[in-house]
Amino acid sequence: MDTKILHTLEYRKILNTLLSYAQTTMGKKKAEQLEPISELEEVNRLLQQTDEAFTFDRLKGSPSFGGIVDITASIKRAEIGGTLNPHELLGISNTTFTARRLKRLIATLHEDEPIESLFYISDQLSEQKTLEDAIKICIDDNAEVADSASVTLAQIRRELRGGEARIREKLDSMIRSSTVSKMLQDQLITIRGDRFVIPVKAEYRSYFGGIVHDQSGSGATLFIEPESIVAMNNKLRETRIREEREIEIILQKLTALVSEQGEWLLYDVDLLGSLDFIFAKARLARELKATLPRMNDRGFLKLKKGRHPLIPIENVVPIDIELGNDYTSIIVTGPNTGGKTVTLKTIGLLSLMAMSGLFVPAEDGSQLCVFDAIYADIGDEQSIEQNLSTFSSHMTNIIRILKNMTPKSLVLLDELGAGTDPAEGSALAISMLEHMHRTGCRMVATTHYSELKAYAYERKGVINASMEFDINTLSPTYRLLVGVPGRSNAFAIAERLGLPGYILDYARGEVKEEDQRIEHMIASLEENRLTAEQEREKAESLRQDMEKLRSRHQTELEKLEQQRDRRIEKAEDDARNIVDKARAEAEKIIADLRLLAMEEGASVKEHKLIAARKQLDEAEPEKRRKTVKKTATAPKTRAIGPGDEVLVYSLNQKGHVVEMSGSKDAMVQLGIMKMKVSLDDLELQQSAPSAKPKQKPVTGMKRTRDDNVKSELDLRGTNLEEALMETDRFIDEAFLANLGQVYIIHGKGTGILRSGIQDYLRKHKHIKSYRLGNYGEGGNGVTVAELE
C-alpha cells in the first residue's frame, strides 16, 4: 500500500494508538510494522484472531504479559559462546514462566469457548520448565547468584562472611580503644576498594601504621587499613576471587542450557510477540467500541453508523453508506465544513483498518471489501480542519491514480476539479469521473459543481449524495444523505442573515432557468425525504410497540404453560405417592412371606418376588403429554362389578375390580397395587368372565441367586430424588438375589449425589456397611456397599 495514502488517511495515528496497547517490545514492533493486506483469506484469518482475543478479553479480561522481555539478543549471544549475566538469565526465566502461564490460560478457555487460532499459536509454545527451574535455583529475584547455585559457592560465601566478621571484630576492638579513638575522625568501619578501613585524622598519619587507601575531599581524613588486618584483608580478597570464578562457572553452565534450547526460545519469543499484538488489537477494539466487519472481495462496501476513529465518540456523527451493488460511484455535494472530507477519510480509514485485521468503529452487520489498492486525493497537507490543496497538486495526484488504479481499487477524490475556471474544472471532473467509472473501480468524490449533480443523475451506476445542512440554524448536521444531491443554500442563508429582498430577487433573476429547475427539483426531493423519514420513524415506533405487545403476550403464554405444567406435575406426584404407599404395603407383605417361609421351611422362588416388584414399579405412572378425557357420551352397558376390567381416568391405568366399597367406590387391583377409586373415575373396559381360574397358594419363600441382577448401579446424570428411588429398587433386587456387595456409581461432581446416597445407605436395614471406592474401583466417584 502506498505510504502517502497511509499518511493522507491518518493510518499511522491508528497504529500509534495500537502501539500503546501492546505490553511487550515484540508486540510493539509487530504493531508498528502492521500494513493493510489485499488477500481476503489472510484478512479473514487476522480478523478471526482479533475476534477470539476480543472474546477472551470479554470473558476472562485482558491477559498480562508482565515479565516477558525480548531475550533474542541474549539467546544469540549464548549460541555464539558468550556468557550471560544474571539479569539476562532472570529475564529468560521470567519469559518462559509467563509463556507457560499464558498457554494454560488460553487452553482453559478453549475447552469452554472455542478459540482455535489463539489455541493453535499458544499450543506451539515450548515447555521450558527444566531450564526455568535451573535458573531459579541459581538466580534470585534481585538478579543475584544465590548461595544455592552450587555447594562450592555456598562454602566460599560462608568463608567470606566468617572472614568479614573477624575483621570487623578486630577493627571494633581498635576503635573502642581510648588511645586509637582520639585519632579517628569517626568511630566507624568502612570499605575502600574491597578493603576494610577506618577514618583517621590526617595529623595522626605518622603515629598510625598501615596502608592509606583514600582521603576525603578536604584532606582532613585518611582512610587507612591498619597493619594488623592487612593479612586478613588479603585472605578475604583471595576468597572473593574464588567466589567470582565459581560464579563464572555457574553462569557458563546456565548459558549452555540456554544455548541448547536457543532455537525453541527464539520461536517462543516470536509467538509471544504475536499473541501480545493480537490482544493489543482486541484492546483497541474495546476502546473504540468497534465491531467485527464482514469482508468480501467483490467490491461491496456497507457501513452502518460508521465513525471516524480519531474523532471523540461524543462528537462524531456516524454515517451510513453502501457502495458496490446498485451503484459503484457516489458524488457528494454540500457546503464547506459540512463533513465531506471526514466522510471520505472515514470510508478510506475504516477500509484500511479492516484490511489490517482490525475491528472497525461501526455497528454489527457492516461489510467492507479487500481492495488491491486505495487511492485518495485529499490535497497536500489537507486535514479535517483546513483546505490547503491546489489545482496542480490535485492534478498530479489524479494522474498518478489514473495510471495505477484497477477495477478492484477504491478511489477517494476531494473537491474534484477545484482550483481552476469552473467551466473547465467541471468538464475535467466529468471526463475523469467517466473514465474511472468505466474502469469499474469503486469511487467516492466530493464537489461543488452543479454539472456533476446532473452527471450523477443521468449516469447509470452513479448516485448523488449530500451533506445535510440545517437552514434554521445555518449550520451543517454532518449527516450523509445518499440519493439526494446537495443544494447551495446561498439565497436561503443570505435571506436569514438579513440581505434585502430586492437584492435577492435580482440575484435570482440572474440564475439560469435550468439551474432554477434543478434547485426546485432538489428542494422537492429534500421535502420528500424529510416526509419519508418522518413516516419511517412512525413505522419504527409502531413496530417497536407491536414488538413489545408480542413480547408481553409471549410472556403471558409462557406463564400459562408453566402453570399447566405445574398442575400436571402435581397430579403425577400425587399418583406417585399413591404408588409409593402401595409399594410400602407390598414390601411389608413380602417381608411377612419371607418370615413365614423361614418358619415353615417352605420355598418361594425369588424370581417370582422380583417379577412382582417389577410389576409394582411398572404401575407407577409416567410423565404424560396428554390427559385422557372422560367423554360425556361414553356408553355404559351395565353397572361396574367385581372382576370387571376398568380404566382409571386420573391415572390413565387399567386394572380389575376386586370388590365394591359401598355404592360410590370400588377397590381396584392395579398390577399388585390395590386402591379405592370413585366409580365416576372408572370406565368399564371388559366384563368379568363367568369362571375364574384358581390360584395356587403360596407356601413358602427361599432366597436364591438371580444371575440377571447386576452388581453395580450407574446414577450419573440423575438428580438426588431419582437417584434415591433407583438405589432403593437396586438394593432390594440385590438383596433378593443374595448379592454380598454392590457398587453404586454417582460420580465426583459437587458431592451432593454422593452425600445423599450415603445418608440413605446409613439408614437402610439391608446395608451392613459402606465405603468409598479404592484405587481401581473408581475412587470418590463410587460407593461400595455390603449387604446383610
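Trainee: Where do strand 21 and strand 23 pair, and in which sense?

Mentor: Strand 21 (residues 741–745) runs antiparallel to strand 23 (residues 782–787), with 5 bridges between them. Keep in mind that this is a predicted model.

Trainee: What makes strand 21 and strand 23 a pair?

Mentor: Pairing takes at least two bridges. These strands have 5 bridges, so they count as paired. Y743 stands opposite V784 of strand 23.

Trainee: What is the strand order of the sheet with 4 strands?

Mentor: The order is 20-21-23-22, in an open sheet with mixed pairing. Strand 20 (712–714) and strand 22 (767–772) are the edge strands, as each pairs on one side only. Neighbouring strands are turned by 20° against each other on average, direction ignored.

Trainee: What is the order in the sheet of 6 strands?

Mentor: That open sheet runs 10-11-12-8-13-14, with mixed pairing.

Trainee: Why do strand 10 and strand 14 stand at the edges?

Mentor: Strand 10 (373–377) and strand 14 (475–482) each have a single partner strand, so one side of each lacks a neighbour in the sheet. The twist averages 15° from one strand to the next.

Trainee: Which strands does strand 11 join, and by how many bridges?

Mentor: Strand 10 and strand 11 run parallel, joined by 5 bridges. A376 has L412 as its bridge partner in strand 11. Strand 11 (residues 409–413) also runs parallel to strand 12 (residues 442–447), through 4 bridges. There L413 stands opposite A445 of strand 12.

Trainee: Strand 10 is at an edge. Is strand 10 mostly covered or mostly uncovered?

Mentor: Mostly covered: 5 of its 5 residues are buried. A373, Y375 and D377 point one way, I374 and A376 the other, and all are buried. In general, side chains of a regular strand alternate between the two faces of the sheet.

Trainee: Why is C138 called buried?

Mentor: Its relative accessible area is 8%. The cut-off for buried is under 20%, so C138 qualifies. C369, at 2%, is buried as well. The structure holds 0 disulfides.

Trainee: Why does I278 count as buried?

Mentor: I278 has 2% relative accessibility, so it falls in the buried class. Its place is helix 12 (residues 262–288). I278 lies 9.1 Å from E52, C-alpha to C-alpha, though 226 residues separate them in sequence.

Trainee: How do you know that Y502 is exposed?

Mentor: Exposed takes over 50% relative accessible area. Y502 has 63%, so the label holds. Y502 belongs to helix 18 (residues 501–510). With L499 and I503, Y502 makes a nonpolar surface patch of about 310 Å².

Trainee: Where are D194 and K289 placed?

Mentor: D194 is in the loop between strand 1 (190–192) and strand 2 (195–201). K289 is in the loop between helix 12 and strand 5 (294–296).

How values were computed
Residues numbered from 1 in each chain as written. Predicted model: local features only at pLDDT ≥ 70, side-chain atom pairs only at ≥ 80, totals over all residues. Heavy atoms only, no water. Disulfide = S-S within 2.5 Å. Buried < 20%, exposed > 50% of the residue type's maximum accessible area, 1.4 Å probe, protein only. Patch = residues over 30% accessible without salt bridge, like charges linked within 9 Å, V, L, I, M, F, W, Y side chains within 5 Å. Areas by Shrake-Rupley, 256 points an atom, 1.4 Å probe, with all protein chains shown as cover. Salt bridge = Lys/Arg side-chain N within 4 Å of Asp/Glu carboxyl O. Helix = DSSP H or I, 4+ residues; strand = E, 2+ residues; numbered from the N terminus. Axes fitted to C-alpha atoms, helices over the stretch in contact; angles between N-to-C directions.
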